[in-house]
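Good morning, and thank you for coming. I shall present one structure today, and I ask that you keep it in view as I speak.

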Amino acid sequence: MPDADNSKTGGPTVRRREFLKVVGASGAAAATVGCTSEKVGKLIPYLVSPDETVPGVSTYYATTCRECSAACGAIAETRDGRAIKLEGNPEHPLNRGALCARGQAALQGLYNPDRFRGPMIKQNGTWKTALWEDAINVAAEGITRARAAAANAVFINQHESGSFPVFLDQWLAAYGMRPHLSVDLDADHAAIEANRRAYGVAWPRLNFADAKLIVSFGADFLDGWGASVAQQLDFADARAKLENGPRFVYIGPRRSLTGLNADQWIPCAPGAELAIANFLSGRGAAPARDQTGVDPAVLDQLRTELTTAKPSLVLSGVTTDNAGEVAAAVAALNQSLGNVGTTIRNAEPITAFDGMSSPAELFDTVERMRAGQVPIVFVRGVNPAYALPKSLNFAEAFAKVPFKVSFSSYPDETTELCDVILPDLHALESWGDAQPVRGTIALQQPTMDPVFANVRASADVLIALAKKDPAAAGRLTMKDYRTWLSGRFPGGDRGLTAALPHGLSAGTIAPRTAPTPTAAPRRVPALTSTSGDYTLVVYPSPTLGGNGANKPWLLELPDPVTKVTWGSWVEIHPETATRLGIDRGDIVELRAGNATVRAPAVPYLGVRPDVVAIATGYGHRAAATLPKFDAKSTTNPIQWGYGRYARNLGVNALDLLPPGTGSTGEFPLTVTKVSLTRVGDHITIPSTEGSARQHGRGIAQAINADDLARGLREGGEHETRPVGDASHEYLPGLRSPVAADAQGVLGAPSEPDQGKNKGLYDPNHPTRMASRRWAMAIDLSRCTGCSACVTACYAENNIPTVGAPWQNATLFATETPGFNITRGREMSWLRIERYFEGADEGRFGEEFETRFVPMLCQHCGNAPCEPVCPVYATYHAPDGLNVQVYNRCVGTRYCSNNCPYKVRYFNWFGYGEPDRKQYAFPEPLNWQLNPDVTVRGKGVMEKCTFCVQRIREAENRAALEHRELAPDEFTTACGAACPSRAIIFGDAADPQWTVAKLAQDRRAYHVFEELNTYTAVVYLKKVNHPTSAAAPAAPATPR
Amino acid sequence: MTKRRKWTAIPGLIALATAAILLSAYSGASSSQGSQPQQPINFPHTVHVQRLGMNCLYCHYTANKSPDPGLPAVSTCMGCHLIIGPTLNPAPGVRTAPYKSPELEKLVNYYKGGAGKPVPWVRIHKVPEYVHFPHMRHVNAGVTCQTCHGKIQEMPQVYQYSSLNMGWCVSCHVNGYSPQEGEVAAGYARGDSGVVTPAGAPQQPAAATSANAQLQPSSSTIAVGRQPAKNAAGRSIARYDCANCHY
C-alpha cells in the first residue's frame, strides 16, 4: 500500500501545484502506437517546478470518496498533476483500503467529457456561457428578488456528512432562509428511522462475523444499502470462517446480489415481510401460504433456528409501503434476540447518515413549489427531476418557481430546468471533511488542480454570493471555505495540515442542527389496492447507484445478477416467460395505470413468478430535442439528459410509481402492480454472460461446510481432499513447467539439451528471474460478485469501454447501445462469471445456489495460447507471467481461439485512437490513462497482465533501496480494490508470501486442471451452509 | 501451359520483394540516430558541463529516482541566470568587452519573472510508447549518462548519439556492462576511477577530484545489500525478457 503523502497544498489556493504537464505524457501522444520513426514531439518543462512531485513517480493524496453518502476514505494516485487511480485508504475505519466500483469510477465523474466548463445563464430559453462575475450577479439578483419570501426558499443539497451542511445552514440563515434539505433518495430511510428509534443511532455497525445466523428482509447490504463496503468487508470475514460461519437467509420477492450470496432464499410475496417478521418475533402461528407465498414449515424452521443460533443478525431493507413497520418489527426482533450490542453495534455507529432529511420533506417541498409558495430554489448534487416518480410531475412544480439555481457539474434533468448554473468542483478537486464514524474526522482535499479552470467550488461561490448582499456579507466574513473549515478543525489550520497525510483525525465535527421534520408522510396507496397481475419490484442498480449512468466504466460493468450492460431490462421468472411466450430479449411493456415502460425481458430465476423487477439508474432524458451525438465532432451542443453516455439509455423505472411516501416518510419502490404484455419487438440483450450453467465443467466449485469440517476433524489424506478437489500434485510452488524443466524438476535434461544455455530461464542465471512465480489465489467463499475488481482493472490498465452506441462498426452502423457487447467485443480483462446450481428446470420453489468466479488470464505454466502464436507475441516469462507483447502482435487471434478460459480480448476497433469514433477516452477522460500501461491500438490482442507494471514498479523500488521484495509488499489493482479481500496476489515460489500459503489450502483447485495448463491462479472453493432439511444439499460433486 | 505458370509467379515475387524492402525500411532503418534538431534556445552543454563542471543531476534532477530523467524547470535555469544575466562579462580569449547574449535574452523572455511560458524544447531521444525505460535503474547501476547519450559535455548542440533500437538495448543487457567502459565513454582518462562502482561494493573515488568525476551521479552512499547481477566475466548484466520493458 502506498504511503499517503502530505499534499502540502498548504495555502488557501492550490496554485502552487499548478502544473504544466511534463513531456509528451499527454494522452494524445500516449495513444499513438507506431514505430520509432514516429514524429518526435516537444519536451515542455515546468516553468516553476512544484517541490513535492517527481516527474514520472506517483504522488498519493488521502481524501474522501463522495460517490455515495457513506464517505469512505480514498487514496488518489496522481502522476504529473493528474489523478489517475483511486484506491481505498487502508487506515479509514469504514473501507479499510477497499473501494467499490462506484468509488473507482469517481474518476470518470472528475474527467467526464460532459462536465460544465464554466457558469451558464439561461436567456430567453437558451443557455449562454457566462463569466463568473455575471453569473454570480444574476444569482445574487435572483436572491434579492426572493428576499421578501426568503423564509420559503429551498436549498436541496445532496446528503453528505461533515462541515459543509453546517456551512450551508449558516449561509442560508444569513439570508433568513430555512435550513437546507439534505437528500439521499438511495438511502433506506425506513431503516434509518427504525434504527434511530430502536438503537438510538441512524446506522449501527453491523457485525456479521460474530453472528451464527444472518436473516435479511430485502436488506441488500452488499448492493449499496448502508455503508456497503464496510459491511462487505465484515460479511466476507464472516463467510471466510470455515468453522461456525454464519448461515445466511434472504427473505424477499427478488433475489438481489446480496440474496444470491445467501444460503437460503425465502421468496415471500411482496408486502408479506411484515407478517413473517411478526411471526419470527414469536407472535402466533406461521402465516399461511396464501398470505405470504411461503411454506409455513420453512418459516417454522427459521424461527426454531433463530431461537437457537445466538447471536444472530436480522436486517430489514424492504421497499414496500409498509417498510417502516417491517423495519420496526425487525428492530424489535433484534432486541428480543439479544443482538443489540453484539451483532448490532450501536455503540460504534456509522455516522455518515446522520442529519439526512426525510424524503417526505422533499415531497412536501415539491407541493409547496406547485402551490407557488417557493420564490427560489438551489439544487446541488441532487437530480429530483429524474429521481422522483414521473407521476409527481416535478417539472411542472419546478416551473412555478421564479428563479432556480443549479450547482451541478453535469447537464442533468433538473439543471436543464434551472435559470443559472454555477458548476461545482468535483470532490477530488475541492476541500471538505466528513464524519464517517463517531470520533473520527475524514478529510477531503484537492488531489489536483481543477480539470476545468473556470469551475469553482460551491462553498466559495456561496461566499462570493454573500459578499454581494450587505446583510449576508456581515454574517459570512470568512475569506474562503478552506479557511472556515480549518478554523473549526481540531487544532486549527495546523491540525488540518497535520492530518492531511493520512486523511484522518480524531475528533468530532459539530453537526448541523437539523430542523425537526414537519412534513407529514404522503402515503402512497396500499399495494393491495392497485391492480395488475404482477407486482413491480423496483431496486437501485448496484453498479450505477443514483448517479453512475454518465460513467462508461459503470455502464460497461455487467450487472452482477443478470450480467446485462448498457441498458435497462425487466426481470421475469422463467415460468412466467414460458407461460406468456416471452423469450429473452423480447420487448415487454409494463403498465401501471396510464404509465408505461418498455424494456427487454430477461428471464431470471431469482424473482417470484408473480413479480417483475426493474433497476433504477437508467432512463435519463433531455427536455430539449438534441441532434444525435457525433463522436467525431467538437461542436456538439450541451449533452442534456445527463451526458452523452446516459441520455436515452434504458428506461426509468420510477416512471411507473405513484407519488408518495411510506409511513416513516421513506421513498418506497415496491408499491405498484403492473400488467405485462409482449410488444412484439426483440433485441439481443447486451450481456456478457455465456451460459448461466456450468454444464459439469467444474469452473466454480463449492463444498458444504459440514464436509469441510469433517475433513478437518478426521484428518487423513482422503478426507482432507474432498470429492472433486484438485490433486495437489501441480501446486507446490506453482512452478511453471518452463522453469521446472530448466531446473531439472521434470527429469534430467535429455542428452542434446545438456549444457545448453537456458538464458533467463536458468535458475542460476545471475538475474534470478526464474526464481519467482507470480500467482494469485481467489477465495470464492469471500467473493460476493460485487465486481469492484472489474472496474479497478479498467482504471488501472487503460481498458477501453466499447458499448457506447457510436462505437459500432462504421459500415451498416446500427446505433444500438451495447452493440459491441452483443458481439462479444467487451475488453474486460477480469470478469465475474456467475453460475447457478440447482433449479435446473427453472421451476419456482426449487432452491438454487449461485457461485461467482472472477475469471482472468490464468497465466498458465503450460499455456495453450503460446505455441499457436506465429510471431511470438505471447510467451511465458521466466517469472511465471504469460506475456502479451503488443508491439509484436499482428492480430491473428489464434491465441484467443486456443485459450480454454476465453480471457483474451481483441481490439476490433481503434478504441485508443483519438481520431476514430470508437475512441473510448474522449478528452478529458484520457487524462486518467495510466502512463505505465500502453494504450493498445487496433488489431492487437490484449489480456490480464497480472498488473506487470506494478510488479516492475515494486521491483524497481526494491532495487533502488538495495533490498529484495518484501512478502506481500504490493498487490494487483483488483486485489487492492476487493471489498471482500478475496484476491491475494504474490510470489508462489516464496513460502513467505500469503499466496504461497493459500495455494496449499485444502480448498484449492485450478480451473480446467485436467487440461494440464498449470495455471497460476488458484481458486479456493466456496463454502456452503445449507440447512439440514429446507434446502437441498449442494451437489456433493461439483464437477 | 508450363511457361505461362512460370510467368504468373513473377508479379507475386516482385510484390514480395517490394514488401520486404518496404518493411525493412520501415522497421530496421527507422532510427532517428544522429538527428540534431534546432532548439528554441541554443543551450551549450559544453559551457555548463565541460567548463563549469555541473553535475548532470543538477538539471536532470530525477534521472536517479524516476523513470523520467527530469527536465529542468525554467526557474532552475533562472536560479543562476538571475545573477548571470544577459549581459556577460568579457570571456578571456573570446571577447574583450561586456556583451549581450541573445540566447540568455530568450531565456529571460520565456521566464518573464515566473509568469511566462516554458521553453518548448525539441525532443531528441524518444522510445516508443510501448517501451518502458526506467532511467533510475540504469543510473543507479552505474551506467554513465554518456554511455547512451554520448559525450554530451562536448556537444555544442545535442544530437541522438545511439540508435535506441531494441537490438542496441538488448546487446548490453545480454553481454553485460562494466563501469570502466562507461567511464571511458564518459571521457575519463583512465577507466578506474571507481566513482560509478555499482551497488554492493562502494569504493573510495580515486579520481573524484577530477572535473570529469563530477559528471557522474554519486553512488558512494549506496548501502550494501542486494547484489547486482553479474556474469562470469564480472560484467553487470540485466534481464532481457520482453515483459521487462514492453507492457
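Against which elements of chain A do the buried residues of α11(A) pack? Before I answer, a word on conventions. This is a predicted model, in which local features need pLDDT of at least 70 and side-chain atom pairs count only at pLDDT 80 or more, while totals for chains, interfaces and linings use all residues. Residues are numbered from 1 along each chain as its sequence is written, and chains are lettered from A and ligands numbered from 1 in the order in which they are written.

To the answer, then. The buried residues of α11(A) pack against β10 (213-217), β11 (247-251), β12 (264-266), α9 (273-280), β13 (312-316) and α12 (323-337) of chain A. Helices here are DSSP runs of H or I with at least four residues, and strands are runs of E with at least two, numbered from the N terminus. Contact requires that the C-beta atoms of two residues, placed from the backbone, lie within 7 Å.

Which residues of this helix are buried? They are A:Val298, A:Leu299, A:Leu302 and A:Leu306. These residues cover an arc of only 95 degrees around the axis, which puts them on the same side of α11(A). The arc is that of the directions from the helix axis to the C-beta atoms. On the other side of α11(A), A:Ala297, A:Thr304, A:Thr307 and A:Thr308 are exposed. A residue is buried if 20 or more other C-beta atoms lie within 10 Å of its own, exposed if 12 or fewer, and partly exposed in between, with C-beta atoms placed from the backbone. In general, an α-helix has 3.6 residues a turn, so residues three or four places apart point the same way.

The length of the helix can also be checked. At 1.5 Å a residue, the 13 residues of α11(A), 296-308, should span 18 Å, and the end C-alpha atoms are 19 Å apart, which agrees. The expected span is 1.5 Å times one less than the number of residues.

In the loop between α11 and β13 of chain A we find A:Pro311. A cis peptide bond, with omega about -5 degrees, joins A:Lys310 to A:Pro311.

Let me turn to helix α7(A), residues 228-239. Its twelve residues reach 16 Å from the first C-alpha to the last, close to the 16 Å expected. Eleven of the twelve are buried, so α7(A) is largely enclosed by the rest of the structure. Among the buried residues are A:Leu233, A:Phe235 and A:Arg239, and the buried residues of α7(A) pack against β9 (205-206) of chain A.

Where does this helix stand among the domains? The domain assignment, which is automatic or from a database, gives chain A domain 1 (1-187 + 356-520), domain 2 (189-351), domain 3 (527-682) and domain 4 (702-746 + 774-1024). The C-alpha centres of domain 2 and domain 4 of chain A lie 34 Å apart. Their contact takes 16 residues from domain 2 and 17 residues from domain 4. On the domain 2 side of chain A, α7, α8 (257-260) and β12 each supply at least two residues, and α7(A) gives the most, with five residues.

Next, the strands. Strands pair if DSSP finds at least two bridges between them. Six bridges join β23(A), residues 586-592, to β24(A), residues 595-603, and these strands run antiparallel. A:Arg591 has A:Thr596 as its bridge partner in β24(A). In this hairpin, which has two residues between the strands, A:Gly593 takes a positive phi near 65 degrees. Strand β22(A), residues 570-572, pairs with β24(A) in the parallel sense over three bridges, and A:Ile572 stands opposite A:Pro603.

I close with two backbone angles. Most residues other than glycine have a negative phi, and most peptide bonds are trans. A:Ala71, however, has a positive phi near 60 degrees; A:Ala71 lies in the loop between β2 (59-64) and β3 (73-79) of chain A. With 30 C-beta neighbours inside 10 Å, A:Ala71 counts as buried. A:Phe946 also has a positive phi, of about 60 degrees, and with 25 such neighbours counts as buried.
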